[in-house]
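Please look at the sequence and the three-dimensional structure shown here before reading on.

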Amino acid sequence: MALKGAAIWVCARTSYSDLGASDLGSRNSGSAFSLRFDLEKFRKWECCSLAVLAQRAITPVEDEKPHVSEVESSGAIEPTQGNESRGFHKDLNLLPKPLSANDLSSSPSDGPNVRVAYQGLPGAYSEAAALKAYPKSETVPCDQFEEAFKAVELWLVDKAVLPIENSVGGSIHRNYDLLLRHRLHIVGEVQMQVIHCLLGLPGVRKEELTSVLSHPMALAQCDMMLSNLGVVRINAEDTAGAAQMVASTGTKDTGAIASARAGEIYGLDILAEKIQDDDDNITRFLILAREPIIPGTDRPYKTSIVFTLEEGPGVLFKALSVFALRGISLTKIESRPQKQRPLRVVDDYNEGTAK
């Protein structure tokens, strides 16, 4: 099997993974890893360039299903109480503004709480994942995934929580590619059950809708319900952004697919809930930081490895047999094109040349 020029991601689980604790992972994008292998045994497969990053044990993020109603808001947003009107949020300036590429030159603000970046607007599923990982954190919305990476690198935030895989939609390849381009480490992961809701302006019935906005993946995950309604599907940057757009335009025949919390934030009614085709709709998020963690023996760990292969028969088999012979389970393998961006092979001092 010839895979010249392809970057291969492998997620390896250690042989003591039956301890029952949550898994954490860490990786240096294209840099040298300090996990010690017996290099002499590996030299017969010189076609493979392995990179493994050391990890430090930290409190694992548990993977229980979240209770969205208990998630704390990071902005100055108060849920509607009593008989107060549930109209559109009174002052949009109270919501945190998403970081854009132009904002990344500003200085980070000091504060006692952990600052966590995510992609999207307040009410996005990524924000809920960030608050699940760090309940008392200050969440920082970002326009795009790359802004979240840069925000961590430039010390604007402490961590970033970004989606990497969905049980229905598959891998988020954009974030795999960004992990290769940026010098961040995977220090944990969190899993979220995604519960989609159909949102509309107050007083509107779902039968009155003619179009529905949402992220393309959310629209695909609610295909059966949307087909039954016979509505036009309109793509949006993210689910929370779709909810904000419906609320701000005031178009009664347009709905949005987003979280229940997004509906609360932007003053929309829930016209239908749990509208996804598959109830087991789980998204896995990675927690990224500037510094790696060091693995211990108190709980199981995941290690993310990226390597390239030269032309030749059976080279992938030879590379993967390294894990099989040592009783290491591989939980996922992903192949990405190199796009003429070679990996950097470096030593313990983080110095080296591209190879």
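The explanation begins with the chain as a whole and then turns to its strands, its helices and some single residues.

This is a predicted model, in which local features need pLDDT of at least 70, side-chain atom pairs count only at pLDDT 80 or more, and totals for chains, interfaces and linings use all residues. Residues are numbered from 1 along each chain as its sequence is written, and side-chain values use heavy atoms, with hydrogens and water left out.

The chain contains 9 helices and 16 strands. Helices (H or I, at least four residues) and strands (E, at least two) are DSSP runs, numbered from the N terminus. Of the 355 residues in the chain, 48% are buried. Here buried means under 20% relative accessible area, exposed means over 50%, and partly exposed lies in between, for a 1.4 Å probe and protein chains only. A contact means heavy atoms within 4.5 Å. Among contacts between residues at least 6 apart in sequence, 79% join residues at least 24 apart.

Why is strand E4 described as largely enclosed by the rest of the structure? The reason is that 6 of its 8 residues are buried. Strand E4 also pairs with other strands, where two strands pair if DSSP finds at least two bridges between them. Strand E2 (residues 115-119) runs parallel to E4 and is joined to it by 2 bridges; Val-116 has Lys-159 of E4 as its bridge partner. With strand E12 (residues 282-289), E4 pairs in the antiparallel sense over 6 bridges, and Asn-166 has Thr-283 of E12 as its bridge partner. Strand E5 (residues 170-171) is likewise antiparallel to E4, with 2 bridges between them. E4 and E5 form a hairpin with 3 residues between them.

Helix H3 (residues 145-153) comes next. Its buried residues are Phe-145, Glu-147, Ala-148, Phe-149, Ala-151 and Val-152. These buried residues pack against E2, strand E3 (138-142), E4, H4 and E12. Two packed helices are described by the angle between their axes and the distance between the axes. Axes are lines fitted to C-alpha atoms, for helices over the stretch in contact, and angles run from 0 to 180 degrees between N-to-C directions. The axes of H3 and helix H4 (residues 173-181) come within 10 Å and cross at roughly 30 degrees. That angle makes H3 roughly parallel to H4, since angles under 35 degrees count as roughly parallel, over 145 as roughly antiparallel, 65 to 115 as roughly perpendicular and the rest as oblique. The contact is made by Phe-145, Glu-146 and Phe-149 of H3 together with Arg-174, Asn-175, Leu-178 and Leu-179 of H4. By class, this contact of H3 with H4 has 4 nonpolar, 1 polar and 2 charged residues. In this classification, Ala, Val, Leu, Ile, Met, Phe, Trp, Tyr, Cys and Pro count as nonpolar, Asp, Glu, Lys and Arg as charged, and the others, Gly among them, as polar.

Another part of the chain forms an open sheet of 5 strands with mixed pairing, in the order E9-E8-E10-E7-E11. Strand E9 (232-235) and strand E11 (269-273) are the edge strands, each pairing on one side only. Neighbouring strands of this sheet are turned by 30 degrees against each other on average, direction ignored. Within the sheet, strand E7 (residues 197-200) and strand E10 (residues 254-258) pair in the antiparallel sense over 3 bridges, and Cys-197 stands opposite Ala-258 in E10. Helix H7 (residues 239-249) lies across E7, strand E8 (211-214) and E10, running at about 155 degrees to E10.

Ala-256 belongs to strand E10. Is Ala-256 buried or exposed? Its relative accessibility is 0%, so Ala-256 counts as buried. Apart from neighbours within four places in sequence, Ala-256 is in contact with Cys-197, Leu-198, Leu-199, Val-212, Leu-213, Ala-242, Ala-243 and Val-246. The C-alpha atoms of Ala-256 and Ala-243 are separated by 5.4 Å, although these residues are 13 residues apart along the chain.

Two loop residues complete the account. Trp-155 is found in the loop between H3 and E4, and its phi is near 65 degrees, a positive value in a residue other than glycine. Trp-155 counts as exposed because its relative accessibility is 56%. Lys-274 is in the loop between E11 and E12, with a positive phi near 55 degrees. At 57% relative accessibility, Lys-274 counts as exposed.
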